[in-house]
Amino acid sequence: MKPNSAPGPDGFPPLLLKNLAHCLAYPLSAIFTTFMSVGQVPQAWKWATVTPVYKSGIASDPSNYRPISLTSIFSKLMERVIVLDMLHYCRQQVLISKQQHGFLTKKSTVTNMLSCMNYWTCALMNKTSVAVAYIDFHKAFDSVCHAKLFCKLQFMGFTGNLLKWLENFLSDRWQRSRVGDRLSEPSKIISSVIQGSCIGPLLFFVH
């Protein structure tokens with residue numbers, strides 16, 4: 001965990017958990033195991049405080065901001081454990097394409113460009129044509145359909161309590177936007193994966 005990260009709606013900062021890791025590890029593991037055994041997520045973990053992060057363009061245009069959700073650090077810890085297991089399963093079953101560079105450890109836009117440059121150079125040396133398509137997904141995280149995501153996960157082999165937990169994790173979620181010290185009225189999330197969560201990027205590229 002990044003100790004200087006902001007706390008979620010419950011007010012617990014990552015630095016507190018990091019300093020008390022030696023005495024919190026066992027009780028938290030027992031709590032996480034219990035939640036997974038019933039496929040449920042506490043309602044307190046389903047609340048998020050959205051902080052708008054400026055990207056570019058006109059500052060007064062809300063579409064020029066990226067919404068980052070601050071969620072419970074306890075939820076992020078459990079998500080991290082689940083993500084590691086899901087990625088291990090995906091790699092074992094060869095469910096992740098070698099061309100996937102986004103949202104994976106030890107891969108980035110740099111490794112993606114190196115791979116592309118190598119492919120393009122070989123193609124040009126062999127005097128073959130190369131076609132390149134650039135696609136920009138507008139508000140990609142917000143466009144994820146939950147029903148399609150769950151069908152895809154089940155097709156990939158994620159079933160039982162894990163699938164039930166994921167369905168419960170994405171259902172009945174609420175968020176409020178924060179600008180300065182002011183908070184908006186709560187609004188319900190009906191689609192998308194949580195941008196700023198640990199499991200959000202994995203669910204996005206799986207979808």
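Axes here are lines fitted to C-alpha atoms, for helices over the stretch in contact, and angles run from 0 to 180 degrees between N-to-C directions. Helices (H or I, at least four residues) and strands (E, at least two) are DSSP runs, numbered from the N terminus. This is a predicted model, in which local features need pLDDT of at least 70 and side-chain atom pairs pLDDT 80 or more, while totals for chains, interfaces and linings use all residues. Residues are numbered from 1 along each chain as its sequence is written, and side-chain values use heavy atoms, without hydrogens and water.

Next, select α2 (residues 21-38) and α3 (residues 73-92), whose axes come within 11 Å and cross at roughly 70 degrees. The two helices, α2 and α3, are therefore roughly perpendicular to each other (angles of 65 to 115 degrees).

Leu 28, Phe 32, Phe 35 and Met 36 of α2 meet Phe 74, Leu 77, Met 78 and Ile 82 of α3. By class, this contact of α2 with α3 has 8 nonpolar residues, no polar and no charged ones; Ala, Val, Leu, Ile, Met, Phe, Trp, Tyr, Cys and Pro count as nonpolar, Asp, Glu, Lys and Arg as charged, and the others, Gly among them, as polar.

Definitions and conventions: Angles under 35 degrees count as roughly parallel, over 145 as roughly antiparallel, 65 to 115 as roughly perpendicular and the rest as oblique. Contact means heavy atoms within 4.5 Å.
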